[in-house]
Amino acid sequence: MGLYKKRKDGSEQPSMLGPLKLRLPFLHYKLEYPDWIQGAILCVVPMGITAVMMDVLGIPFELAIAFVVINNFLYLLHTHFGDPSIAGWITAGIPLYVGFLVGFPEGEARILALIALQLTVALIFLLMGLFKGADILVKRLPTSLKAGILLGAGFAAIYGEFSANGRVWTMPVTILVGAAFGFFMMFSKTAAPLREKYSFFRYVAQFGIAIPFAVSYVFGLVIGEVAAPSISWSLVPIPIGEIIANYSIFGVGFPPFEYFLKALPLAIAAYIIAFGDILVVSSLLNNANEIRKDEKIVFSASRNSIIVSIRNFIEGIFMPYLPLSGPQWTAGQVLVVNRFMSNGRSQVDSYWGGATGIFWGMSIALMLGPVVSIFQPGINIGMALTMLIQGYLCGYLAMDVLKEKGSLEKGIAVIIGAVLATQGAAWGLGVGIVLWLLLERNWFKNGDTEVTETKSA
């Protein structure tokens, strides 16, 4: 009999191995097939990164999709070892990583640069997890710097898609129609009451970009902007030997020390961006605990950071992954939490069944040749929609961070964002620190580190 049946109301789901909190299917939780299905539908989302990896790293699609599959299975480390986060990329920083990598010669040098970046990010997450250093690095960071990093990520995301060589121009009508539909369903004032009133709109909105992707993909096929797919009926191969030989530290070697120095400012910026996801997942799970009193979901930022660190270390050593490994995927987190909160224990026995199911469904779907080959012609659509929406969210979050601040902090944030988006993280952070020291810090009043200023209207 499954141990999950023995859970008392208000307690945690059973687990094993003490503080590791290992939970296994059938024994510690039931399989939640609706979440498996949702995950399978959303497999189009991670496929989008293959377009970027092919362009920047010069790897073929077959290897890029293998990287995606391996990364997806690594997400399961979280939910199998006591972290309830639906993990994801550090998405907002993707344009910044691309800008960093193209500063190195194409080929082995870029692979080494990505390895250095990912291992540096892994080390930062490990230190933050072990020593609870978030207060030092993020909570005490000047607001103007935090907002500037978010603005820079948003500027870079939007600019990258609309630049002369941006993905928008590869299939402009298709991508812009998909973006318009996606923005309308997720953010418009018109759609909000429709979601509240009609279950159909709620159902469409909960899948994030998956439905807008599907609509625009079909539209692109009809108007001829998207090539017809060539269906493959085999399983997606995972060439472990080739990956290790050509992309791991065992094949290309360990990056030179100067690569790590160059990667450090960007790794810090990536962590600052990712820390916002930690705050989001904590808030969502607190809401779930308020609604579903029968199960206690425990979220530990330290545990989350350590597992994120492990994922980045594994990938940095064996298969450097361009979007990096982050603490949370907001769209997936919302899907699982909402289904858990909207049903009682008789329908959804435990949160953990859905949290693991979404990635089992997605990972298995990504291994099916027919699924992957059907969507392959539209990978530019998926990535463009991801980055356009990410740019909007970064800009929104930056404005939200600054809403209680004065014009000084807002002006500094804009400068940091512009420099970071155009010149990279090192310049952005450097300019931000200099401006904070020159403009915000009060050098003549002890104990007061910021200029007192009348807030702008």
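This is a short talk on a few local features of one chain.

Okay, hi everyone. Keep in mind that what we're looking at is a predicted model.

Let's start with a pair of helices. When two helices pack, you describe them by the angle between their axes and the distance between those axes. Here the pair is α3, residues 49–57, and α6, residues 94–101, and they pack at an angle of about 15° with the axes 11 Å apart. Angles under 35 degrees count as roughly parallel, so that's what we call α3 relative to α6. The crossing of α3 past α6 is right-handed.

Who's touching whom? On the α3 side you've got I49, V52, V56 and L57, and on the α6 side I94, V98 and L101. If you sort the residues of that contact by type, you get seven nonpolar, no polar and no charged.

Now stay with α6 for a moment. How many of its eight residues are buried? Six, so to speak: α6 is mostly covered. The buried ones are I94, P95, L96, Y97, F100 and L101. And what's doing the covering? α3 is part of it, and so are α7 (108–131), α9 (143–162), α16 (257–291), α21 (379–402) and α22 (407–423).

T120 comes out at 9% relative accessibility, so it counts as buried. Its side chain reaches back to the backbone oxygen of A116, at 2.6 Å. Setting aside neighbours within four places in sequence, T120 is in contact with F260, A263, L264 and A267.

Most residues other than glycine have a negative phi. K21 has a positive one, near 55°, and K21 isn't a glycine. You'll find K21 in the segment before α1 (33–41), and at 17% relative accessibility K21 counts as buried, because the cut-off is under 20%.

L324 is another one: not a glycine, yet phi is positive at about 65°. L324 is in the loop between α17 (301–318) and α18. Is L324 buried or exposed? Buried, with a relative accessible area of 0%.

Last stop, S342, in the loop between α18 (330–341) and α19 (351–366). S342 is at 60% relative accessibility, so this residue counts as exposed. Along the chain, S342 and I291 are 51 residues apart, but their C-alpha atoms are separated by 8.6 Å.

That's my tour, thanks.

Note on methods
Residues are numbered from 1 along each chain as its sequence is written. This is a predicted model: local features need pLDDT of at least 70, side-chain atom pairs count only at pLDDT 80 or more; totals for chains, interfaces and linings use all residues. Side-chain values use heavy atoms; hydrogens and water are left out. Axes are lines fitted to C-alpha atoms, for helices over the stretch in contact, and angles run from 0 to 180 degrees between N-to-C directions. Helices (H or I, at least four residues) and strands (E, at least two) are DSSP runs, numbered from the N terminus. Angles under 35 degrees count as roughly parallel, over 145 as roughly antiparallel, 65 to 115 as roughly perpendicular and the rest as oblique. A crossing is left-handed if the near helix is turned anticlockwise from the far one by less than a right angle, and right-handed if clockwise. Contact means heavy atoms within 4.5 Å. Ala, Val, Leu, Ile, Met, Phe, Trp, Tyr, Cys and Pro count as nonpolar, Asp, Glu, Lys and Arg as charged, and the others, Gly among them, as polar. Buried means under 20% relative accessible area, exposed over 50%, partly exposed in between (1.4 Å probe, protein chains only). A polar contact is a pair of N or O atoms within 3.5 Å; within protein, one must be able to donate a hydrogen and the other to accept it, and residues adjacent in sequence count only if both atoms are side-chain atoms.
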